[in-house]
Amino acid sequence: MTLRTFLAAATVLATSLTAWAEAPVQVDAPWARASVAGQQASGAFMRLTAHEPLQLVGVRTDASAVSEVHEMTMEGDVMKMRHIPALDIPAGKAVELKPGGYHIMLMDLPKPVSAGETIPLTLVFEDKQGQRSEVTVQAPVRALNSTMAKPQPHGHAH
């Protein structure tokens, strides 16, 4: 390895570590499910990793009138979905928001969201001291039958 290659690699690593230190949460593979005409809701999914214990306490987007953190659970033979006021994000442990589990519910959509579009999402986190921070991500919209997220760059802190 040449000195120039080493320095370039070190710069990339330092930049990545600086971004990680500044952002309260690393957001990987964000995506949203497409909807069809007349459908008033959709979901958004991603993987969240915090470097200190946090809670996801809210989400905002212009793509829907109402945006909430939800969980799906099985009660007997019935799958139930409910709003949760906060989702724990333990330090250093990835939390998956995925179909059939925790997810972001986008409700009262003013228009269908189509595959190929991108939905901006502002995620609101709170630490143990009650300090809030936000991370904005761009969630590509995938076809209705998508269940697997494709890797995307993480969000940036604001």
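A salt bridge here means a side-chain nitrogen of Lys or Arg within 4 Å of a carboxyl oxygen of Asp or Glu. Please keep in mind that this is a predicted model. By that rule, the count is six salt bridges. I will go through some of them.

Start with Glu 117 and Lys 111. Their closest N and O atoms are 3.7 Å apart, so the pair counts as a salt bridge under the 4 Å cut-off. Glu 117 is partly exposed, with a relative accessibility of 27%.

Next, Glu 71 and Arg 82. This pair also forms a salt bridge, and here the closest N and O atoms are 2.5 Å apart. Arg 82 is partly exposed, at 47%.

The last pair for today is Glu 96 and Arg 47. Their side chains meet in a salt bridge, with 3.5 Å from N to O. Glu 96 belongs to strand S7, residues 95-97, while Arg 47 belongs to strand S2, residues 41-50, so this pair ties together parts that are 49 residues apart in sequence. As for accessibility, Glu 96 is partly exposed at 34%, and Arg 47 is partly exposed at 30%.

That is the end of my part. Thank you.

Definitions and conventions. Residues numbered from 1 in each chain as written. Predicted model: local features only at pLDDT ≥ 70, side-chain atom pairs only at ≥ 80, totals over all residues. Heavy atoms only, no water. Helix = DSSP H or I, 4+ residues; strand = E, 2+ residues; numbered from the N terminus. Buried < 20%, exposed > 50% of the residue type's maximum accessible area, 1.4 Å probe, protein only.
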